[in-house]
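Please go through this structure element by element.

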Amino acid sequence: MRVLVTGGGGYLGCWLVRGLIERGHTVRVFDRFCFGDQPAAQFTTLPRCEVVRGDIRRLQESPGLLDGVDAIAHLAGLTNDPSCDLDVDMTADVNVESTRELASKAVQNGVRRFLLASSCSVYGKGVFDFLDEQSRPNPMSTFSLSKLEAERAVLQMRNGSFEPIVARNATLFGWSPRMRFDVAVNHMVATAVQTNSIKVLGNGNQWRPFLHVRDAARAYVTLLEAPAETVQGEIFNVGSDDANTRIIDLAKLIAGRLGGVKIEIPKEDDDLRNYRVKFGKFCETFSFQRQWSIDEGIAEVHDFLRQEAIDPFREIYFNVQRMKQLLATPVDEGGEPIAARFISIAKPCLGPEEEQAVVDAIRSGWLTSGPHIQAFEEAFGRTVSAANTVAVNSCTAALHLCLAHLDVRPGDEVLTSPLTWASTGNTILRMGARVTFADVRPDTLNINPEVLEAAITPHTKVIMPVHLAGQPCELDAIYDVARRHGIPVVEDAAHALGASYKGVRIGSYGDFACFSFYAIKNITTMEGGTITVKDADAARHLRLLAANGMTATAWERYGRSAVASPAEVVEPGFKYLMSNVSAAMGIEQLKKFASFKASRRRLAQMYRSVLSDIDEITLPSIIPEADHAWHLFIVRLNLARLSKSRDEIIAGLRRENVGTSVNFYGLHLHRYYRETLGIRPEDLPEATAASNEVLSLPLHPQMSDKNVHEVVEALKKVLAHARR
């Protein structure tokens with residue numbers, strides 16, 4: 001039989017691998033070996049033993065892992081209370097989700113037998129003197145809860161060709177090639193040797209079952225070899241009835257065995273676990289008898305400590321201490337990611353209200369045109385204090401319509417910021433006009449009014465400032481320049497919903513502002529945008545252009561109150577109107593916008609407070625007269641202090657499970673713009689420098705305080721290992 005042993009380099013795994021090979025089986029060991037390579041080196045001398053290095057959470061990186069496998073002994077995981085208490089999410093990911101994924105892959109690959117290593121600690125605070133497999137679990141810790149959930153996940157997959165088995169281990173003890181001193185017997189022996197004392201928590205009257213690690217390995221071999229009808233879908237307590245011991249009695253046994261050891265019992269009662277377990281089902285089914293007593297295990301560990309002269313309290317012998325060190329080590333160097341679950345850079349915030357609104361709109365039959373569009377326009381206008389609002393299907397469409405309304409033609413120039421999304425430049429170019437860039441301010445990354453006037457030419461038809469990340473541009477200065485030259489301004493406000501300038505909301509300050517409701521914007525309509533317009537005649541013209549230049553929309557032509565008459569094209573236009581379904585979603589989003597805005601502001605303040613003392617980054621500046629919308633939280637790397645590039649820092653953060661983005665890489669540096677416009681990087685020095693130094697950190701209302709802490713710690717960790 002070919003057996004895959006996950007965690008084969010661990011405390012129990014080392015003995016299980018040897019036991020399987022002695023029985024003639026072929027073994028594939030899957031392990032990170034984060035506690036050292038000594039077990040891996042020993043495996044190379046064993047026959048029929050293959051070693052695959054990998055992380056149980058990243059099975060996709062080992063695509064052939066289950067090839068030819070007949071059975072799996074799944075030992076990999078976080079294996080004690082302190083390790084699991086470090087991070088509940090990490091515990092769930094390692095012990096539950098990874099187990100579920102491995103079992104699912106086993107089913108898909110035709111692996112028949114799946115033996116899950118669980119723990120008698122699932123009984124927690126037992127309500128009876130003796131607990132068997134029929135007793136109701138009462139887990140008292142993150143570790144035991146995760147093991148119970150993993151059991152249930154695996155047992156639910158049982159079918160005619162998949163044989164899950166759960167082994168609830170007693171507390172293990174004894175020597176192993178991957179030694180541990182954080183298990184009760186071993187720890188008490190080590191403490192007694194080092195300090196001549198043993199500390200007993202929880203008054204010591206708690207019961208625990210114990211089993212030597214080599215006896216546990218024999219038991220696992222037995223379960224892997226047993227007939228399917230005996231073990232399929234079964235739970236077995238793995239241990240021996242006569243090794244149930246009270247903690248105080250265990251301490252007395254060790255103290256008596258070693259001599260001269262003092263037992264301390266603190267007054268506090270911080271260990272409520274108490275389980276005395278029956279092992280009759282396993283022992284009677286397989287005629288199993290333990291070969292190692294607790295007393296023999298004590299002697300074995302004591303002899304090991306005398307012969308090796310090691311420090312048993314080094315982090316390599318304690319799972320929780322080792323885990324803490326791994327959390328401080330970059331993933332590329334074998335460490336643990338700071339965040340157990342991936343933290344996305346942005347995420348739409350949707351609930352049942354949006355879902356119901358969309359369903360209702362679909363069921364109404366009005367998918368494209370419809371009554372929700374006008375309602376959304378009115379609600380949005382109130383949100384930004386705009387006189388007129390035209391809802392369209394994207395911010396790109398909004399920009400295009402404004403330029404068309406202003407009669408931008410081939411040969412004209414549109415002056416904008418190089419730090420913007422491709423839509424801004426692409427739209428201008430596709431109209432036959434020329435893009436002209438004015439450099440940005442290094443602190444806000446918005447267009448610099450001081451260089452704006454010098455960039456104007458006789459062909460400049462429109463100025464298009466970009467409120468980058470939700471930070472308003474210096475609008476007074478920009479509009480002063482525009483008025484002197486008689487040039488209209490179209491604000492790219494894709495990021496700026498919720499922002500204000502000198503107490504005036506973006507969307508009501510100037511003549512035109514274009515907003516985006518893309519999936520990850522401050523509100524979403526799936527895809528969508530609006531134009532806010534001061535002049536009513538301009539709004540009517542924009543709406544006409546957005547409706548194919550026709551005098552009536554489908555809702556106006558076919559609605560219940562419509563008067564039958566042919567629609568007439570009065571001007572060539574575009575199919576740019578927002579859909580009724582999108583507007584229905586947007587109405588619900590606007591109801592929540594105040595809370596979204598407050599959440600973004602709070603998260604940004606948290607970032608600013610905890611990142612302000614990091615020399616390797618510069619935080620975004622906020623002009624005094626602005627109220628930032630905080631669509632993005634952009635930081636700037638001080639590369640002179642770092643040995644790695646911005647892109648390498650981003651890659652490091654991604655491996656820490658932190659999503660980031662580059663918002664934005666200057667358009668003048670993209671190949672097409674560089675070649676078409678003939679702009680050199682040094683022509684726009686501030687935008688060029690920023691393009692290679694900025695990165696955006698996760699920011700969206702669904703982030704928790706814990707997520708912010710994880711992002712910050714990941715950034716500090718990656719930067720600490722990249723300092724010059």
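## Overall picture

This is a predicted model. The chain has 724 residues, and 58% of them count as buried. It carries 25 helices and 25 strands. Along its principal axes, the C-alpha trace spans about 95 × 60 × 50 Å.

Contacts across the sequence were also counted. Take the contacts with a separation of 6 or more: 77% of them come from residues 24 or more positions apart.

Strand S9 covers residues 207–212. Of its 6 residues, 5 are buried, so the strand is largely enclosed by the rest of the structure.

Two pairings of S9 follow. Strand S7 (residues 171–173) pairs with S9 in the parallel sense, over 3 bridges. Within that pairing, Leu172 has Leu211 of S9 as its bridge partner. Strand S11 (residues 244–246) also pairs with S9 over 3 bridges, but in the antiparallel sense. There, Arg208 has Thr245 of S11 as its bridge partner. In general, strands of a sheet pair through backbone hydrogen bonds, either parallel or antiparallel.

## The S15-S14-S16 sheet

Three strands form an open sheet in the order S15-S14-S16, with parallel pairing. S15 and strand S16 (460–464) are the edge strands, and each pairs on one side only. Neighbouring strands here are turned by 30 degrees against each other on average, with direction ignored.

Strand S14 spans residues 413–416. It runs parallel to S16, and 4 bridges join the two. Glu413 has Thr460 in S16 as its bridge partner.

How many residues of strand S20 (residues 512–516) are buried? The count is 5 of 5, so S20 is largely enclosed by the rest of the structure. In a regular strand the side chains alternate between the two faces of the sheet. In S20, Phe512, Cys514 and Ser516 point one way. Ala513 and Phe515 point the other way, and all of these residues are buried.

S20 has parallel and antiparallel pairings. Strand S17 (residues 490–492) pairs with S20 in the parallel sense over 3 bridges. Glu491 stands opposite Ala513 of S20. Strand S21 (residues 529–533) runs antiparallel to S20, and 5 bridges join them. In that pairing Phe515 stands opposite Thr530 of S21.

S21 also pairs with S13, again in the antiparallel sense and over 5 bridges. Val390 stands opposite Ile531 in S21. Strand S13 covers residues 388–392. With 4 of its 5 residues buried, S13 is largely enclosed by the rest of the structure, too.

## Asn186 in helix H6

Asn186 lies in helix H6 (residues 184–195). Is Asn186 buried or exposed? Its relative accessibility is 0%, so Asn186 counts as buried; the cut-off for buried is under 20%.

Beyond its neighbours within four places in sequence, Asn186 is in contact with Tyr11, Phe173, Gly174, Met179, Arg180, Phe181 and Val301. Two of its polar partners can be named. The side chains of Asn186 and Tyr11 are joined by a polar contact of 3.1 Å. A polar atom of the Asn186 side chain also lies 2.9 Å from the backbone oxygen of Arg180. For scale, Arg608 is 422 residues from Asn186 in sequence, and their C-alpha atoms are 46 Å apart in space.

## Asp439 in a loop

Asp439 sits in the loop between strand S15 (434–437) and helix H17 (449–455).

Where is the nearest side chain of opposite charge to Asp439? It belongs to Arg636, 8.7 Å away. Asp439 is buried, yet has no salt bridge; a salt bridge would need the two charged groups within 4 Å.

A polar atom of the Asp439 side chain lies 2.9 Å from the backbone nitrogen of Ala687. Ala687 is also among the contacts of Asp439 once neighbours within four places in sequence are left aside.

Note on methods:
Residues numbered from 1 in each chain as written. Predicted model: local features only at pLDDT ≥ 70, side-chain atom pairs only at ≥ 80, totals over all residues. Heavy atoms only, no water. Buried < 20%, exposed > 50% of the residue type's maximum accessible area, 1.4 Å probe, protein only. Lys, Arg positive; Asp, Glu negative; His and termini not counted. Polar contact = N/O pair within 3.5 Å; in protein donor to acceptor, adjacent residues only side chain to side chain. Contact = heavy atoms within 4.5 Å. Pairing = 2+ DSSP bridges. Axes fitted to C-alpha atoms, helices over the stretch in contact; angles between N-to-C directions.
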